[in-house]
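Dear colleague,

I am passing on the structure we talked about, and below it you will find some notes on what came out of it. Please read them with the structure open beside you.

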Amino acid sequence: MNRRHSPADVDTWKTQGFVLIQDFFNHEEIAPILKDFQQLYTEQSSQPGSATELDVKAAGQIGGFHPKQFLHFDTLPYQASEAINLISLHPALISFAQDLIGVEKVHLYQSHTWAKYTGEADYDQPFHCDFGNHTLTVPADNPSHRTVDFVVYISDVTDELGALRYVTKPDSNEIIGQREITAPQEVQIPLKQRERSAAAPSGTLLAHSIDTFHRGSNLTADNGFRFTMTMGYKAAGNDMIGFHVWQDAADRPWGKILNNASPEQLRCIGIPLPGDAFWTPRTLRLTQSRWPYWNMQAYVKKQAEEWQ
Ligand SMILES: O=C(O)CCC(=O)C(=O)O
Ligand SMILES: [Fe+2]
């Protein structure tokens with residue numbers, strides 16, 4: 001089943017800026033990814049386990065950005081299970097992105113892991129919108145040029161385990177002004193007074209965008225950890241938005257995706273659908289020899305039909 005969202009979820013995202021859907025992914029889908037996170041990150045984390053000494057906030061600030069907050073990140077494709085590689089392109093996620101952005105052709109422009117551990121950093125951040133490292137301009141007015149930024153909960157996320165805090169669009173509009181995108185120091189406390197928590201169990205999906213106010217929060221539970229994945233979708237062809245460049249990582253394990261994803265999933269990372277004019281006898285032959293384990297039958301068959 002490709003659809004795991006309702007029209008009300010789309011409406012909530014549009015009006016509030018955020019929507020949280022519990023059980024978007026089931027236990028069988030998340031369990032192998034949880035295992036991957038443990039293998040990828042838990043051994044390398046310094047795991048002090050306690051947050052008591054860790055408060056590096058400047059006077060009067062509710063938080064800051066520090067490199068230590070961003071220690072355990074990897075980018076698609078992952079040197080791990082098929083499950084962790086394919087979840088960013090899950091048909092239910094693609095379908096939700098299509099409905100949120102309001103276009104059929106969507107593009108996955110961001111996919112990364114993120115593991116946080118109590119005591120490794122002070123994860124409290126100030127309220128901000130994420131547009132700064134997704135576009136060189138500002139979030140667009142045209143709704144189809146918006147982005148949808150998903151956070152998938154791999155572990156349970158409580159307030160003590162660094163749940164993202166957010167302020168709905170109506171609330172931030174009231175405090176900062178209609179559709180503003182920066183939050184100067186003097187509005188941080190007023191925003192904090194309206195903040196909500198995105199705490200929820202593993203399997204939850206949070207959708208927001210690059211023009212929505214939120215902040216990371218510290219992990220205070222003893223020996224706590226928070227495992228999440230971040231995925232960003234935009235309309236295909238929207239060159240204003242970017243984050244990762246898939247093509248620059250040709251030496252990473254693309255086979256995990258190419259050998260297991262459908263043409264519709266692969267279209268979301270820029271591979272033309274079967275029947276597209278890009279596919280000719282030459283491009284098919286060369287692509288197949290580049291990725292010998294990718295089953296290109298659907299592409300070959302469609303191309304043969306087109307060229308008859
Ligand atoms: O991880 C989170 O909960 C939010 C972090 C965040 O907003 C950021 O680093 O931009
Ligand atoms: Fe952010």
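Two strands are said to pair if DSSP finds at least two bridges between them, and helices (H or I, at least four residues) and strands (E, at least two) are DSSP runs, numbered from the N terminus. On that basis strand β1 (residues 19-21) pairs with β6 in the antiparallel sense over 3 bridges, and within this pairing L20 stands opposite L206 in β6.

Please bear in mind that this is a predicted model, in which local features need pLDDT of at least 70 and side-chain atom pairs count only at pLDDT 80 or more, while totals for chains, interfaces and linings use all residues. Residues are numbered from 1 along each chain as its sequence is written, and chains are lettered from A and ligands numbered from 1 in the order in which they are written.

Overall, the secondary structure of the protein comes to 10 helices and 8 strands. The radius of gyration, taken over C-alpha atoms, is 20 Å, close to the 19 Å that the globule rule (2.2 Å times the number of residues to the power 0.38) gives for 308 residues, so the protein is as compact as a globular protein of that length. Buried residues make up 41% of the 308 residues, where buried means that 20 or more other C-beta atoms, placed from the backbone, lie within 10 Å of a residue's own, exposed means 12 or fewer, and partly exposed is in between.

Strand β3 (residues 148-153) is joined to β6 by 4 bridges and runs antiparallel to it, and the partner of V152 in β6 is L205. Not counting residues up to four places away in sequence, A207 touches W13, V19, F96, L100, V148 and F150, a contact being two C-beta atoms, placed from the backbone, within 7 Å.

I30, in helix α2 (residues 27-42), is buried because 23 other C-beta atoms lie within 10 Å. Leaving aside neighbours within four places in sequence, I30 is in contact with F25, I154, S202 and G203.

There is also an open sheet of 3 strands, in the order β5-β4-β7 with antiparallel pairing. β5 (196-197) and β7 (214-215) stand at its edges, each with a single partner strand, so one side of each is left without a neighbour in the sheet. Strand β4 (residues 165-166) is joined to β7 by 2 bridges, and Y166 has H214 as its bridge partner. H214 is also one of the residues around ligand 1, together with Q125, D130, L164 and G216, each having its C-beta atom, placed from the backbone, within 6 Å of the ligand.

Two backbone details may be worth checking by eye. The peptide bond from L76 to P77 is cis, with omega near -5°, and D23, in the loop between β1 and α2, has a positive phi of about 55° although it is not a glycine.

Best wishes
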